[in-house]
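Student: I would like a close look at a single part. Please keep the answer brisk, and give the cut-offs as you go.

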Amino acid sequence: MDIVINKKEYRFKKEIRDDLKIRKSFNQLAKQSFDLNFEVWHQLGFWDEKYIPYALLDGDCVVANVSVSLMDFSLSGEQKKFIQIGTVMTDPNYRNQGLSRFLIERVLQDWHGNCDAMYLFANDDVKDFYPKFGFAAAQEYQCTRKAPDKSMDVPVKKLNMEATSDLQLLKRKCSSLNPYSYFSMESSEWLILFYCTSFFKDKVFYIPLYDTIVIMDFEENIMNCYDIFGTGDIPIELILSVVMEKETKKIVFGFTPEPMDGCEISLLNQEDTTLFYRSNNESICTEHKLMFPILSRA
């Protein structure tokens, strides 16, 4: 669809995934803006209909984009449908022309009233932009706990995200929600696999005895537990005791665990990142003192 913004004509397009030329331009802008590339994710077949770029093109070149991610969550068993806005980017030569404004207004037009809430994560340099569209800054809360005693007798395998069998194992396990999370993303494989084939490819571990995958890393004596995918039959404390290092003193969760026994809940402060939330109701994070899972952030 051709549109005019600031007396200049652009082409507005949402169906870009299967257009090689436009997808290449989209990836180039993502690389320039965020050092991201979606091509491997696409070639592996994980870019599905839940990730929708709203792109403006000058000719065949993507010059601005705002992406919509369709996010289905379970809040302690209650179904929630959210729209997450992300990959907001404009070519430096096209900034301050109202392109992002047009795209966000188009997203709001398409999705307002069709979801429980809309949200996004913004850098500090644009945090004054989103309130113009009805978004309000919101707080998140993170859980930490003392590490349990280390269990030494259960094997743990690091998965190779370049091996088809390991990739398929992860896809199968993360197609179900995290059974230890109070607020868990459903049908999450499309986004989990984006992370685990890029930034988190060295953080995926499997416990064969428990048929459970843990996505985690370590910083000195702290274990960051980003997500867990398994049957839910094994107590979370036992899973943590198996995968942690013997020097681990503290567990930091990248999701809101359930049960929260032994956890401390504190305000989440992230450098150069603010959650913005748009709904007729109070932010779900503030109301329930929880966080959007780290691996749900598109």
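Student: What separates D110 and R106 in helix α3?

Tutor: D110 and R106 are four residues apart in helix α3, which means about one helical turn. Helices (H or I, at least four residues) and strands (E, at least two) are DSSP runs, numbered from the N terminus. An α-helix has 3.6 residues a turn, so residues three or four places apart point the same way.

First, some ground rules. The model is predicted, so local features need pLDDT of at least 70 and side-chain atom pairs pLDDT 80 or more, while totals for chains, interfaces and linings use all residues. Residues count from 1 along each chain as its sequence is written, and side-chain values use heavy atoms, without hydrogens or water.

D110 and R106 meet through their side chains in a salt bridge, at 3.6 Å from N to O. That term needs a side-chain nitrogen of Lys or Arg within 4 Å of a carboxyl oxygen of Asp or Glu. D110 is partly exposed, at 22% relative accessibility. Here buried means under 20% relative accessible area, exposed over 50%, and partly exposed in between (1.4 Å probe, protein chains only).

E105 pairs with R101, with 3.6 Å between the closest N and O atoms. These two also sit four residues apart, about one helical turn. E105 is partly exposed at 39%, and R101 is partly exposed at 34%.

The structure has 17 salt bridges. One of them joins R297 and E140, at 2.8 Å from N to O. R297 lies in the segment after α7 (284-288), and E140 in the loop between β7 (136-138) and β8 (141-146), so the bridge ties together parts 157 residues apart in sequence. R297 is buried, at 12% relative accessibility. E140 is buried too, at 3%. Elsewhere, R11, K21 and D60 are linked in a network of salt bridges.

The whole structure contains 35 aromatic pairs. Rings of Phe, Tyr and Trp (its six-membered ring) pair if their centres lie within 6.5 Å; planes under 30 degrees apart are stacked, over 60 edge-to-face, and the rest tilted. Y10 and Y94 have ring centres 6.4 Å apart and planes at 65°, so the pair is edge-to-face. Y94 sits in the loop between β5 (78-90) and α3 (99-111), Y10 in strand β2 (residues 8-13), and the two are 84 residues apart. Y10 is buried at 2%, and Y94 is buried at 18%.

Y10 also has a charge over its ring. K8 lies over the face of Y10, at 5.7 Å from the ring centre. The test is NZ of Lys or CZ of Arg within 6 Å of the ring centre and within 35 degrees of the ring normal. K289 does likewise with Y141, at 5.1 Å from the ring centre.

The buried residues of α1 are I22, R23, S25, F26, N27, L29 and A30. Among the elements that cover them are β2 and β5. F26 also belongs to an aromatic cluster that includes W47 and Y51. Both W47 and Y51 are buried.

Methods
Contact = heavy atoms within 4.5 Å.
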